[in-house]
Amino acid sequence: MSGGPRVSFNSIDSALSSLKNCQSYINSGMDVATRVALDLVESFNDEEDVNSMEKVMLEYATMDRELNHYIKAFEDTINQVKQEKPENLPDLENLAQEKFLEMESMTSDSDLQRNEKYMHFKDQLKEMKKQYHGNDTIEQIDEDLAVTRSQMNFICPITQVTMKRPVRNKVCGHIYEEDAILEMIQTQKQKKKEVRCPKMGCSHVDVKGSDLVRDEILKRLIDSQKKQSWSTLDT
């Protein structure tokens, strides 16, 4: 008899694992929506087109919130049943559904504005609009961009070469090549050691993969510089 509940829990654990995998699809969708929105700003499309991408991001944020609530509801239900150890296994789905609805009832649309990827999307969009749709003259924009480029180091502190996919550390603000920092984190994790920020002089000693966000604006600046370099060579 003791094997019955165990089998049920195993199947639920497997279902939860599948649900968590869905989060990666939501994250990928939000990354794509961000890139499309930045492309629209860069190509001077109508504001309405850009706003439509913001609505897409909010839809993704809604899905992300609901998925997180659903996962937490099931995890809390399983933990509760395991602790109480009832003689007969209750209807876990109904119990989880009740918890899920309770969590959903305590949320509001304003919560979506605090979704991490949505906030990052808004920041990137604001920065891109400043670069391409500011009230400054073209000369001023070019001058500002030149200053930005001179102040910004395109070289990864790990690889010592120009970055292709820069990611920014939310904690200390430093930027690295995505593959290089993730490999460093994985290597140190296997050694059960923390990762110190590879930027010289930085005091941050616990870099995590979850702290990294892709910097689309910097990537576009790097790509733009490369195009200019190739254009100069062609002439």
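Modeller: Arg220 touches Arg35, Leu38, Asp39, Glu42 and Met128, if residues up to four places away in sequence are not counted. This is a predicted model, and the contacts are to be read as such. Arg220 is found in helix H8, which covers residues 216–234. Its relative accessibility is 14%, under the 20% limit, and Arg220 therefore counts as buried.

Glu127 lies in helix H5, residues 116–133. With a relative accessibility of 27%, Glu127 counts as partly exposed, because buried means under 20% and exposed means over 50%. The C-alpha atom of Glu127 is separated by 7.6 Å from that of Ile217, although the two residues are 90 positions apart along the chain. Over the chain as a whole, 66% of the contacts with a separation of 6 or more are between residues 24 or more positions apart.

Three strands form an open sheet in the order S2-S1-S3, and their pairing is antiparallel. Strand S2 (175–177) and strand S3 (212–214) stand at the edges; each has a single partner strand, so one side of each is left without a neighbour in the sheet. From one strand to the next, the twist averages 40 degrees. As a general point, strands of a sheet pair through backbone hydrogen bonds, in either a parallel or an antiparallel sense.

Strand S1, residues 166–169, is joined to S2 by three bridges, and the two run antiparallel. S1 and S2 form a hairpin with five residues between them. In the turn of that hairpin, Gly173 has a positive phi of about 85 degrees. The pairing of S1 with S3 is also antiparallel and extends over three bridges. Within this pairing, Asn169 has Leu212 in S3 as its bridge partner.

Arg168 lies in strand S1 and stands opposite Ile175 in S2. Leaving aside neighbours within four places in sequence, the contacts of Arg168 are with Gly173, His174, Ile175, Asp211, Leu212, Val213 and Asp215. At 30% relative accessibility, Arg168 counts as partly exposed.

Helix H7, residues 178–190, lies across S1, S2 and S3 and runs at about 90 degrees to S2. H7 has 13 residues and reaches 19 Å from its first C-alpha to its last, close to the 18 Å expected at 1.5 Å a residue. Its buried residues are Glu178, Ala180, Ile181, Ile185 and Gln188, and what covers them includes S1, S2 and S3. H7 is followed by Lys192, which has a positive phi near 60 degrees.

Elsewhere in the chain, helix H2 spans residues 47–84. H2 has 38 residues and reaches 55 Å between its first and last C-alpha, close to the expected 56 Å. Lys85 follows H2 and has a positive phi, near 50 degrees.

Of the 235 residues in the chain, 31% are buried. The chain exposes about 15300 Å², and carbon and sulfur atoms supply 50% of that area.

As to confidence, the chain averages a pLDDT of 81, and 83% of the residues score at least 70. Over residues 1–7, however, pLDDT is below 50, and this stretch has one contact in the model beyond near neighbours in sequence. Residues 136–151 likewise stay under 50, and the model has 11 contacts for them beyond four places in sequence. Where pLDDT is low, the predicted coordinates should not be read in detail.

Notes:
Residues are numbered from 1 along each chain as its sequence is written. This is a predicted model: local features need pLDDT of at least 70, side-chain atom pairs count only at pLDDT 80 or more; totals for chains, interfaces and linings use all residues. Side-chain values use heavy atoms; hydrogens and water are left out. Two strands pair if DSSP finds at least two bridges between them. Helices (H or I, at least four residues) and strands (E, at least two) are DSSP runs, numbered from the N terminus. Axes are lines fitted to C-alpha atoms, for helices over the stretch in contact, and angles run from 0 to 180 degrees between N-to-C directions. Contact means heavy atoms within 4.5 Å. The expected span of a helix is 1.5 Å times one less than its number of residues. pLDDT is the predictor's confidence in each residue, from 0 to 100. Buried means under 20% relative accessible area, exposed over 50%, partly exposed in between (1.4 Å probe, protein chains only). Accessible areas come from the Shrake-Rupley method with a 1.4 Å probe; for residues, only the protein chains shown count as cover.
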